[in-house]
Amino acid sequence: MKAEQQNRKAPPGSLTLGVSFLTHLLLILPILYILVVAFHRPEQLFTWHPICMSLGALMIIEGVFSISGEALLSHKLSRANRITIHWIMLTTGLCLILSGLIIAIVNKDNLNKEHFVSFHAILGLTTIVLAFLVATFGIIANNTRWLYPRIRPVLIKVLHAFGGITMTILFIASVIAGSYTHWLEHQNVGDHDVGKKLVFASLFIAGVLVLFKPILGAVSRTRVLIKTPQQPSNT
């Protein structure tokens with residue numbers, strides 16, 4: 001019981017709660033915009049590509065946020081529970097992302113078009129491959145005893161942290177790049193120039209807020225990793 005209490009975060013202040021709420025809002029609003037535009041033509045197969053991809057990216061980014069800096073709910077949970085929520089959200093997100101990828105491939109085949117030739121497609125595929133690698137490495141990071149003492153746990157956690165940071169940046173970039181494709185321009189719903197700018201601004205600011213603590217944590221662990229152990233004195 002005492003250990004569980006120690007693993008819980010202290011109650012956050014008003015500023016922390018406000019930043020947490022703002023971050024969630026900035027993540028959700030551009031995804032809602034993409035969903036509204038996509039559902040304008042739900043009968044089209046490709047429509048479900050941006051739906052699955054945007055929802056999957058949201059789940060993954062929220063999963064990163066839940067374990068690092070989210071304050072509205074996570075401060076009430078033990079670290080073990082936060083890790084559980086983290087991998088559940090990432091697994092759900094990866095399933096949605098994989099579904100979106102399959103839909104895009106099938107749609108390209110139906111139209112007899114080449115695969116992965118645009119910047120958005122190449123960036124998206126790179127991000128998906130990295131995401132699955134990071135997720136696999138996350139299993140090891142949560143079970144460092146498997147490799148201890150051959151590999152120091154801090155090294156595994158540092159690699160997983162930097163991989164997760166890179167993955168998050170690429171997912172945000174992929175969603176933004178997707179909003180600048182011809183698909184959005186072909187949807188007859190509102191002023192898409194304004195929409196694209198709002199998607200970019202919202203996700204960019206949200207990304208900075210989401211990654212602030214993970215970057216500080218990764219840097220701190222890196223310092224521990226490269227710190228030379230002190231040699232015992234002979235005197």
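Among contacts in the protein between residues at least 6 apart in sequence, what percentage join residues at least 24 apart? The figure is 76%, where contact means heavy atoms within 4.5 Å. This is a predicted model, so local features need pLDDT of at least 70 and side-chain atom pairs count only at pLDDT 80 or more, while totals for chains, interfaces and linings use all residues. Residues are numbered from 1 along each chain as its sequence is written, and side-chain values use heavy atoms, with hydrogens and water left out.

**Overall build**

- You'll find eight helices and zero strands here; both are DSSP runs numbered from the N terminus, with helices being H or I of at least four residues and strands being E of at least two.
- Reading along the sequence gives the pattern α-α-α-α-α-α-α-α.
- The C-alpha trace spans about 80 × 40 × 30 Å along its principal axes.

**Surface and burial**

- Of the 235 residues in the protein, 38% are buried (buried is under 20% relative accessible area, exposed is over 50%, and partly exposed is in between, using a 1.4 Å probe and protein chains only).
- The accessible surface comes to about 13800 Å², and 69% of that belongs to carbon and sulfur atoms; the areas come from the Shrake-Rupley method with a 1.4 Å probe, and for residues only the protein chains shown count as cover.

**Charges and the salt bridge**

- The protein has 19 positive and 9 negative charges, and their mean positions are 21 Å apart.
- For that count, Lys and Arg are positive and Asp and Glu negative, with His and the chain ends not counted; each charge is placed at NZ of Lys, CZ of Arg, CG of Asp or CD of Glu.
- Side chains of opposite charge can pair when their charged atoms come close.
- The structure holds one salt bridge, meaning a side-chain nitrogen of Lys or Arg within 4 Å of a carboxyl oxygen of Asp or Glu.
- Its partners are D193 and K196, with 3.6 Å from N to O.
- Both residues sit in helix α8 (residues 192-226), three residues apart, or about one turn of the helix.
- D193 is partly exposed at 48% relative accessible area, whereas K196 is buried at 9%.
- As for how D193 sits relative to L72, 121 residues away along the chain, their C-alpha atoms are separated by 33 Å.

**Cysteines**

- There are zero disulfides in the structure (a disulfide is a pair of cysteine sulfur atoms within 2.5 Å).
- Why don't C52 and C95 bond? The sulfur of C52 has its closest cysteine sulfur in C95, and that is 11 Å away, too far for a bond.
- C52 is buried, with a relative accessible area of 11%, while C95 counts as partly exposed at 47%.

**Two buried residues to look up**

- E62 has its place in helix α3 (residues 48-68) and is buried, with a relative accessible area of 10%.
- Leaving aside neighbours within four places in sequence, E62 is in contact with H24, L27 and M89.
- T144 lies in the loop between α5 (119-141) and α6 (153-179), and T144 is buried as well, with a relative accessible area of 15%.
- With neighbours within four places in sequence again set aside, T144 is in contact with P153, I156 and K157.
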